[in-house]
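Let's take a quick tour of one protein model. Have a look at the sequence and the 3D view before reading on.

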Amino acid sequence: MGSYSMKELAGLYFPASSPRAATTQLRRWINRNNDLTDALAQTGLTKGQRLLTPRQVALIMEHLGEP
């Protein structure tokens, strides 16, 4: 699993949505999942970060399921 931009990953989860709407929805899902938010914070994820590391992508998929 490689690195993705937040927009690319959001597009996988919400393919029928515009890139902006998909990104907004993915961020909502992440923010509502406290375990995921904590795990991502430990990887150094910052607010507004656009490029996700492979570890961050793996954590998101682990907590939210495969897109």
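Is Tyr13 buried or exposed? Keep in mind that this is a predicted model. Tyr13 turns out to be buried, since its relative accessible area is 11%, and the cut-off for buried is under 20%.

**Around Tyr13**
- You'll find Tyr13 in helix α1, which covers residues 6-13.
- If you skip the neighbours within four places in sequence, Tyr13 is in contact with Leu26, Trp29, Ile60, Met61, Leu64, Gly65, Glu66 and Pro67.
- Take Met61: it sits 48 residues from Tyr13 in sequence, yet the two are 9.9 Å apart in space, C-alpha to C-alpha.

**Two helices packed together**
- To describe two packed helices, you give the angle between their axes and the distance between the axes.
- Helix α3 (residues 34-42) packs with helix α4 (residues 54-64) at about 170 degrees, and their axes are 10 Å apart.
- Angles over 145 degrees count as roughly antiparallel, so that's what α3 and α4 are to each other.
- On the α3 side, the contact is made by Asp35, Leu36, Ala39 and Leu40, while α4 brings Gln56, Leu59, Ile60, His63 and Leu64.
- Sort the residues of this α3 with α4 contact and you get six nonpolar, two polar and one charged.

**The largest pocket**
- The largest pocket has a volume of about 250 Å³.
- Its lining includes Met6, Arg27, Ile30, Leu40 and Lys47.
- Helices α2 (19-32) and α3 each give at least two residues to that lining.
- By type, the lining of the largest pocket splits into five nonpolar, five polar and two charged residues.

Definitions and conventions: Residues numbered from 1 in each chain as written. Predicted model: local features only at pLDDT ≥ 70, side-chain atom pairs only at ≥ 80, totals over all residues. Heavy atoms only, no water. Axes fitted to C-alpha atoms, helices over the stretch in contact; angles between N-to-C directions. Helix = DSSP H or I, 4+ residues; strand = E, 2+ residues; numbered from the N terminus. Parallel < 35°, antiparallel > 145°, perpendicular 65-115°, else oblique. Contact = heavy atoms within 4.5 Å. Nonpolar A, V, L, I, M, F, W, Y, C, P; charged D, E, K, R; others polar. 1 Å grid on protein atoms, 1.4 Å probe; cavity = no way out; pocket = protein on both sides within 12 Å on 5 of 7 lines; lining within 4 Å. Points joined across faces, edges and corners; volume = space filled by probe spheres on them. Buried < 20%, exposed > 50% of the residue type's maximum accessible area, 1.4 Å probe, protein only.
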